[in-house]
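Welcome, and thanks for opening the viewer. Please load the model below, switch to a cartoon view and keep your selection tool handy.

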Amino acid sequence: MIEYLTDAFVLDKENAGEMDSLVYLYTKNLGKVIAKAKSGRKITSKLGGHLEPLNLVKIRLVEKNGFQVVDALAIKKFLAGKPAFLIAKFLRIMKFIKEMTFECQADFQLWLLLKKILTGPSADEKTVYRSLLKIMGFNPKFAECSQCRKKEATAFSPEEQKFLCRKCALKVPKNGIILI
């Protein structure tokens, strides 16, 4: 049994079983981690309010047949007092990171960018996605449309991990397409 104490951003939270939760975290030291929060959905749970998406938490994890949350303390809650459109933007970014990263692959540049996105001045969403794609190895500067080979890519499909031009992006179903 190995214990970790680290800072983490809560990317997402899903129900698991009757009272448990699966929490998707991007940690400073471990990268993306999927951890089980035992009884995290109980009304008396000490973890419940801390493990909400867009929270920066100090978290203690135990690894034994997967990760389990032992303790969590919210350092900063980014949802508090923000307008709905901004919360929706941040949640889309968190979902993108959740989908595009592998478990236990720490990337300090990605950690710093995520911290900058949430704590710094609000950046344009396209700029944020371009920066994320560049760190993840999909530099839009050198991209071309995977369908027609046009040199100017204006969209990215995380599901298929390919760039598209404006014309080809219109032909693809909109769910999941990110404009860059």
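**Stop one: a helix pair**

Select helix 2 and helix 3 to begin: the two pack at an angle of about 170°, with their axes 10 Å apart. Angles over 145 degrees count as roughly antiparallel, and helix 2 and helix 3 are therefore roughly antiparallel to each other. Before you go on, please keep in mind that this is a predicted model.

Now show side chains at this contact. From helix 2, pick Gln109, Leu110, Leu113 and Ile117; they meet Val128, Ser131, Leu132 and Ile135 in helix 3.

Which residues make the contact of helix 1 and helix 3? On helix 1, select Lys89, Arg92, Ile93, Phe96 and Ile97, and on helix 3 select Glu125, Val128, Tyr129, Leu132 and Leu133. By class, the contact of helix 1 with helix 3 holds seven nonpolar and three charged residues, with no polar ones.

**Stop three: the barrel**

Hide the helices for a moment and look at the strands. Five of them form a closed barrel in the order 1-2-3-5-4, with mixed pairing. On average, neighbouring strands of this sheet are turned by 45° against each other, direction ignored.

Zoom in on strand 3 (residues 31–37) and strand 5 (residues 67–77), which pair in the parallel sense over two bridges. Within this region, click on alanine 35, which stands opposite phenylalanine 67 in strand 5.

**Stop four: helices on the sheet**

Bring the helices back. Helix 1 (residues 84–100) lies across strand 1 (2–16), strand 2 (20–27) and strand 3, and runs at about 110° to strand 1. Helix 2 (residues 108–119) also packs on the sheet, where it touches strand 1, strand 2 and strand 4 (55–63). The direction of helix 2 makes about 60° with that of strand 1.

**Last stop: serine 21**

Finally, select serine 21, found in strand 2. Is serine 21 buried or exposed? Serine 21 has a relative accessible area of 1%, so it counts as buried. Display its surroundings: leaving aside residues up to four places away in sequence, serine 21 touches Lys13, Glu14, Ala16, Ala35, Lys36, Ala37, Gly40 and Arg41.

Methods. Residues are numbered from 1 along each chain as its sequence is written. This is a predicted model: local features need pLDDT of at least 70, side-chain atom pairs count only at pLDDT 80 or more; totals for chains, interfaces and linings use all residues. Side-chain values use heavy atoms; hydrogens and water are left out. Two strands pair if DSSP finds at least two bridges between them. Helices (H or I, at least four residues) and strands (E, at least two) are DSSP runs, numbered from the N terminus. Axes are lines fitted to C-alpha atoms, for helices over the stretch in contact, and angles run from 0 to 180 degrees between N-to-C directions. Contact means heavy atoms within 4.5 Å. Ala, Val, Leu, Ile, Met, Phe, Trp, Tyr, Cys and Pro count as nonpolar, Asp, Glu, Lys and Arg as charged, and the others, Gly among them, as polar. Buried means under 20% relative accessible area, exposed over 50%, partly exposed in between (1.4 Å probe, protein chains only). Angles under 35 degrees count as roughly parallel, over 145 as roughly antiparallel, 65 to 115 as roughly perpendicular and the rest as oblique.
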